[in-house]
Amino acid sequence: MRTVTPKVHPVAPAEDPEGLDAPAPRLFSKWIVLGVLSTNLVALLVVGGLALVVRQERRLLREELRTGTMQMAGEMEALRTDVVLSTTENNVFLKILLLKPGIDKGLARDIAHSIVIRAREHHRDVDMVLAIIDVESNFNPNAVSHMGAVGLMQIMPAWKNSFGIQLDLRHVDTSINYGLKILGSYEQTFGGIELALTAYNRGPNAVALSMKQGRVPFNGYAENIMRTYARIKAWGRP
């Protein structure tokens with residue numbers, strides 16, 4: 001008997017009438033686009049953040065540079081001031097030695113230092129201060145006049161109450177500081193250095209009374225100071 005092998009015909013796959021298994025190219029493309037957009041957005045955020053950081057760094061750098069420049073300018077100005085004051089102080093010190101050769105050099109240094117500082121503070125020529133001290137006390141901080149005036153600038157003790165002075169009038173800096181304050185107040189009252197000097201010596205009431213009565217208030221004191229001042233000033237000329 002012959003065995004017959006039945007033929008098997010391939011069966012075509014059943015059609016998917018609703019297309020459920022078909023690929024979704026449009027949906028896939030949307031995801032790609034969204035992914036690209038997200039990547040670009042992240043990149044923009046990163047770049048923007050970096051730009052902000054760079055701007056902040058630049059601003060901080062500019063502020064640091066500006067602050068550093070201002071500090072350097074302040075330091076340079078302070079240095080220039082120190083140089084000027086130092087040079088002037090040495091000049092004043094040497095003039096004190098010329099005016100009073102036997103003076104203690106330490107005392108002369110102290111006087112020179114206070115003259116420079118206080119003259120600058122009260123807008124006075126250092127040579128004018130030297131002239132007043134030379135005439136008033138001959139650079140003796142312990143000098144006391146027959147009227148009771150004390151110290152380098154010969155300040156009357158009554159001024160201690162007026163200015164609230166706590167320190168000893170024989171103290172170098174105290175005498176120079178308040179002596180120049182008194183002189184300045186007289187200059188404001190009488191309107192000129194020679195009248196102010198005369199009031200410093202005679203007293204403001206005596207000067208005011210002389211002027212009221214039409215008499216010359218000067219007593220030779222201001223002239224003496226101005227002569228001494230001119231002599232001292234000439235030492236600084238070539």
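What you see is a predicted model, in which local features need pLDDT of at least 70 and side-chain atom pairs count only at pLDDT 80 or more, while totals for chains, interfaces and linings use all residues. Residues are numbered from 1 along each chain as its sequence is written, and side-chain values use heavy atoms, with hydrogens and water left out.

Staying with this pair, helix H5 covers residues 172-190 and helix H6 covers residues 193-202, and their axes come within 8 Å and cross at roughly 125° (axes are lines fitted to C-alpha atoms over the stretch in contact, with angles from 0 to 180 degrees between N-to-C directions). That angle makes H5 oblique to H6, since under 35 degrees counts as roughly parallel, over 145 as roughly antiparallel, 65 to 115 as roughly perpendicular and the rest as oblique. On the H5 side, Gly179, Ile182, Leu183, Tyr186, Glu187 and Phe190 meet Ile193, Leu195, Ala196, Leu197, Ala199 and Tyr200 of H6, contact meaning heavy atoms within 4.5 Å. By class, this contact of H5 with H6 has 10 nonpolar, 1 polar and 1 charged residues (Ala, Val, Leu, Ile, Met, Phe, Trp, Tyr, Cys and Pro are nonpolar, Asp, Glu, Lys and Arg charged, and the others, Gly among them, polar).

If we now turn to helix H3, residues 126-137, and helix H8, residues 221-235, we find them packed at an angle of about 125°, with their axes 8 Å apart. H3 is therefore oblique to H8, and the crossing of H3 and H8 is right-handed. Residues of H3 including Leu130, Ile132 and Asp134 take part in the contact, as do residues of H8 including Ile225, Tyr229 and Arg231. Sorted by class, the contact of H3 with H8 has 10 nonpolar, 2 polar and 5 charged residues.

H3 also packs with helix H2, residues 105-121, at an angle of about 125° and with the axes 9 Å apart, which makes H2 oblique to H3. H2 passes H3 in a right-handed crossing, where Ile111, Ile115, Val116 and Ala119 of H2 meet Val126, Val129, Leu130 and Ile133 of H3. The residues in the contact of H2 with H3 divide into 8 nonpolar, no polar and no charged.

Finally, which residues lie nearest the centre of the largest pocket? They are Ala149, Gln154, Met156, Tyr200 and Asn201, out of 17 lining residues. H6 gives the most to this lining, with 4 residues. A pocket here is an open set of points on a 1 Å grid over the protein atoms alone where a 1.4 Å probe fits, with protein on both sides within 12 Å along at least five of seven lines, and lining residues have an atom within 4 Å of a point.

Technical notes
Helix = DSSP H or I, 4+ residues; strand = E, 2+ residues; numbered from the N terminus. Left-handed = near helix turned anticlockwise from the far one by under 90°.
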